[in-house]
Amino acid sequence: MPSEQLVVEMRGITKRFPGIIANDSISFKVRKGEIHSLLGENGAGKSTLMNILFGLYQPDEGEIYINEQQVNITDPSIAINLGIGMIHQHFMLVEPYTVVENIILGAEPVNGLTINYRKARQKVMELSEKYGLHVEPDQLISDISVGMQQRVEILKTLYRGAEILIFDEPTAVLTPQEIEDLIHIMHNLVNEGKTIILITHKLKEIMAVSDNVTIIRRGKVIDSVATSETTTDELAAKMVGRKVSFSVDKKDAEVGDAILQVSNVVAKDNRGIPALKGISFEVKSGEILGLAGVDGNGQRELIEVLTGLRKLESGEVKLRGESITHAKPRQISEDKVAYIPEDRQKRGLVLDFSVAENMVLKDYYKQPFSHKGFLNYDKINEHSKKLIAEYDVRTPDELTAARALSGGNQQKVIIAREVDSDPDLLIATQPTRGLDVGAIEFIHKKLIEQRDKGKAVLLYSLELDEIMNLSDRIAVIYEGKIVGILDPKETTEQEIGLMMAGSNSQGTGGTV
């Protein structure tokens, strides 16, 4: 149980950026041994507040107390010395290095002029065992799963003596099983006397893991409540300022002709190992086909084949009856295919470009955005302002660098650009990853709108409830094969889960 001792207190914290007040006189308290959630919309100011606590930003006003002593945290090294560790949403690991090398980087134990690797490895294994992290110390970061990489980040903070751990959107890139494992790890940490601050917008996880929750909206604290004394509906309403619907309202699909046809596609992964083993399916106009599967069963390779980013070994891909099997990405895009990529920072945006420039990444060379090789920035900015308003992108203006936006608002820029292109086929991969409930509700409506306009939508998501709620048919992928296509009205999460795990039971509601 949490004690009454305050380990963190932030009083009247204000932080301004050009054109925006990210934190507006925020006060925030955390007791020793608790899991305290910071809940808010994308861009509400949660990460900014915790970046101040970790020394990455300096407040314009306000005071910070650690263990009831006022402190001045001017950089992360001071925060670390005060026992504060931060596990960032986007991991800061060196992929060619091993697990142990990453954990000790910058804090290596030395024996004379050499690193005492044996001592470091022993300490890492002791910490791993104590907190139930179960890492393999000698594996390369490039060879381990995203969930395991996160465990390495947690161990990095523990190795440096962290007593207060800040988790920034820790489940945004995890599979459902990895989320369960992380919740178990968090409980292990607090049972051993650690304190956790959890930045999140996922209400189910808040209810499952946290003791208390503080809600921030547009830079201000709205409320702070005990988790046991509230509900997900109440939290959602406080977070976005209105009642939020968790159900997807849609009429029956009016399905037309096949827009996308995939026939016996075989492709290899980056290691040269077969990832797709004769996949066949189709997506028709006026429907959403959901692709369900445990992460790593060929979904990414399939999406890359469909968007021209990966060569297939054999098979055929047709769009409106015409082969696009060996087409380049731009050709596929110009053939009215829109693509919301899974990794918004690596595949979806040029982070140092402005919001306006990112809005026209697919069409910058076309009129009215370009004329005789010169960009028309008046038209680009005008177009961007329209999309910013329509998609509620929280940005100071259209000239702001995409890097400066919160993760959720970066995602909105991509979705605005892709949906606005009026595609015949929309390939949406993890479209709501990292978004808050209000934004998820908005994006779901946009996907349903596309379907109701007669577009074909291929939805890949690791969120099974999202697949169940949005899809008209569900294709289950396992070890590079479609093992069944189901009607969501005639199946259950349990049946889909069994097929995702390799059960041979064949669903109904559509043909493979």
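I started at Pro368, which sits in the loop between helix H12 (355–359) and strand S19 (370–371). Helices (H or I, at least four residues) and strands (E, at least two) are DSSP runs, numbered from the N terminus. The peptide bond from Gln367 to Pro368 is cis, with omega near 5°.

Before going on, I noted the ground rules. The model is predicted: local features need pLDDT of at least 70, side-chain atom pairs count only at pLDDT 80 or more, and totals for chains, interfaces and linings use all residues. Residues are numbered from 1 along each chain as its sequence is written, and side-chain values use heavy atoms, with hydrogens and water left out.

**First sheet**

I traced an open sheet of six strands in the order S6-S9-S10-S3-S11-S12, with mixed pairing. Two strands pair if DSSP finds at least two bridges between them. Which strands stand at the edges? They are S6 (84–87) and S12; each has a single partner strand, so one side of each is left without a neighbour in the sheet. The twist averages 20° from one strand to the next. Axes here are lines fitted to C-alpha atoms, for helices over the stretch in contact, and angles run from 0 to 180 degrees between N-to-C directions.

I then checked one pair. S3 (residues 35–40) and S10 (residues 195–200) run parallel over five bridges. Ser37 has Leu198 in S10 as its bridge partner. Helix H8 (residues 232–240) packs on the sheet and touches S3, S11 and S12. The direction of H8 makes about 30° with that of S11. Helix H1 (residues 46–53) lies across S3, S6, S9 (164–168), S10 and S11 (212–217), at about 145° to S10.

Leaving aside neighbours within four places in sequence, Ala226 is in contact (heavy atoms within 4.5 Å) with Asp211 and Asn212. Arg218 lies in the loop between S11 and S12. Phi of Arg218 is near 50°, a positive value in a residue other than glycine. Is Arg218 buried or exposed? Arg218 counts as exposed, at 56% relative accessibility. The cut-offs: buried is under 20% relative accessible area, exposed is over 50%, and partly exposed is in between (1.4 Å probe, protein chains only).

I found another open sheet of six strands, in the order S18-S21-S22-S15-S23-S24, with mixed pairing. S18 (337–340) and S24 (481–486) stand at the edges, each with a single partner strand, so one side of each lacks a neighbour in the sheet. The twist averages 20° from one strand to the next. S18 and S21 (residues 425–429) pair in the parallel sense over four bridges. Ala338 stands opposite Leu426 in S21. Helix H14 (residues 407–420) lies across S18 and S21, running at about 175° to S18.

I checked Arg320, in the loop between S16 (314–319) and S17 (322–323). Phi of Arg320 is near 50°, positive in a residue other than glycine. Arg320 is partly exposed, at 35% relative accessibility.

Last, I looked at Gly62 in S4 (residues 61–66). Gly62 is partly exposed, with a relative accessible area of 42%. Gly62 and Met10 are 52 residues apart in sequence and 7.3 Å apart in space, C-alpha to C-alpha. Not counting residues up to four places away in sequence, Gly62 touches Arg11, Gly12 and Ile13.
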